[in-house]
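Please read the explanation below with the sequence and the 3D view open.

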Amino acid sequence: MLINITPLRMEDAIELYQFESSNRAFFEKMVPSRGEDYYRYEHFLQSLEQLLEEQEAGLSLFTLIRDEAGMIVGRMNVVDMDREKGTGHIGYRVGEAVAGKGVASLALTLLLKEAAERYGMTKLYAKTTRDNIPSQKVLLKHGFELVSVEPDAAEWDGKKEDFLHYQKRTAAPSLFEADCL
């Protein structure tokens, strides 16, 4: 599958809202819900505006994963960027229709390159739930190392879930390219 990542824009609002809404049940099997308010379009737009303000300020990079037809199939972001320290936190989600098809891995390759070359990121963090084995595999494939476990960090559907914390260090942006080929 061919994919690309594109910066998030306000013009993506309707399509992104539809993507999030149609994949809600799938996402909520692996991560805590974003809450009912998130799925009210007016609130969704407010949240999107806040994300775009963060992006404009250089604090975060929000991207959409698009397939060869240009449809949104996922999201991938770097948040809490500290450009002086070269650090940031990666997060991502792919839709149910493309889960298990290598989309997250391909998109992470692109995002790592962008984060290193454009933003000078040299140390990146990520976290996932213990039950989200596909996400763990994507991170490990790209050179992230498990650094800690946060027990009972989240609770939903009546169960507590651990968060696994990962990090990836590089000495120079060129190492991102070597790791992701």
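Is the crossing of α4 and α5 left-handed or right-handed? The crossing of α4 and α5 is right-handed; the word applies if the near helix is turned clockwise from the far one by less than a right angle, and left-handed if anticlockwise. This is a predicted model, in which local features need pLDDT of at least 70 and side-chain atom pairs count only at pLDDT 80 or more, while totals for chains, interfaces and linings use all residues. Residues are numbered from 1 along each chain as its sequence is written, and side-chain values use heavy atoms, with hydrogens and water left out.

Helices (H or I, at least four residues) and strands (E, at least two) are DSSP runs, numbered from the N terminus. The axes of α4 and helix α5 (residues 133–141) come within 10 Å and cross at roughly 35°. Such axes are lines fitted to C-alpha atoms, for helices over the stretch in contact, and angles run from 0 to 180 degrees between N-to-C directions. On the α4 side, Ala-104, Ser-105 and Leu-108 meet Val-138, Leu-139 and Lys-141 of α5, where contact means heavy atoms within 4.5 Å. Four of the residues in this contact are nonpolar, one is polar and one is charged. Here Ala, Val, Leu, Ile, Met, Phe, Trp, Tyr, Cys and Pro count as nonpolar, Asp, Glu, Lys and Arg as charged, and the others, Gly among them, as polar.

Next comes the sheet. Seven strands form an open sheet in the order β1-β2-β3-β4-β5-β7-β6, with mixed pairing. Its edge strands, β1 (3–7) and β6 (145–156), each pair on one side only. From one strand to the next, the twist averages 25°. Helix α4 (residues 103–119) packs on this sheet, touching β1, β2 (61–67), β3 (72–82), β4, β5 and β7 (159–169), and its direction makes about 35° with that of β3.

Strands of a sheet pair through backbone hydrogen bonds, either parallel or antiparallel. Two strands count as paired if DSSP finds at least two bridges between them. β2 and β3 are antiparallel, with six bridges, and Thr-63 stands opposite Met-76 in β3. Their hairpin has four residues between the strands, and Gly-70 there takes a positive phi near 90°. β3 and β4 also run antiparallel, joined by seven bridges; Val-79 faces His-89 in β4. This hairpin, too, has four residues between its strands, and Gly-86 in the turn has a positive phi of about 70°. Strand β4 (residues 87–94) pairs with strand β5 (residues 123–129) in the parallel sense over four bridges, and Ile-90 has Ala-126 in β5 as its bridge partner.

What lies inside? The largest nonpolar core has 27 residues, and Ile-65, Val-78, Ile-90, Leu-108, Leu-124 and Phe-144 have the most contacts inside it. A nonpolar core is a set of buried Ala, Val, Leu, Ile, Met, Phe, Trp, Tyr and Cys residues joined through side-chain atoms within 4.5 Å. Buried means under 20% relative accessible area, exposed over 50%, and partly exposed in between (1.4 Å probe, protein chains only). The largest share of this core, eight residues, comes from α4. β3 is mostly covered, with eight of its eleven residues buried.

Finally, Thr-129 is in strand β5 and is buried, with a relative accessible area of 1%. Among the residues that Thr-129 touches are Met-30, Gln-136 and Trp-156, not counting residues up to four places away in sequence.
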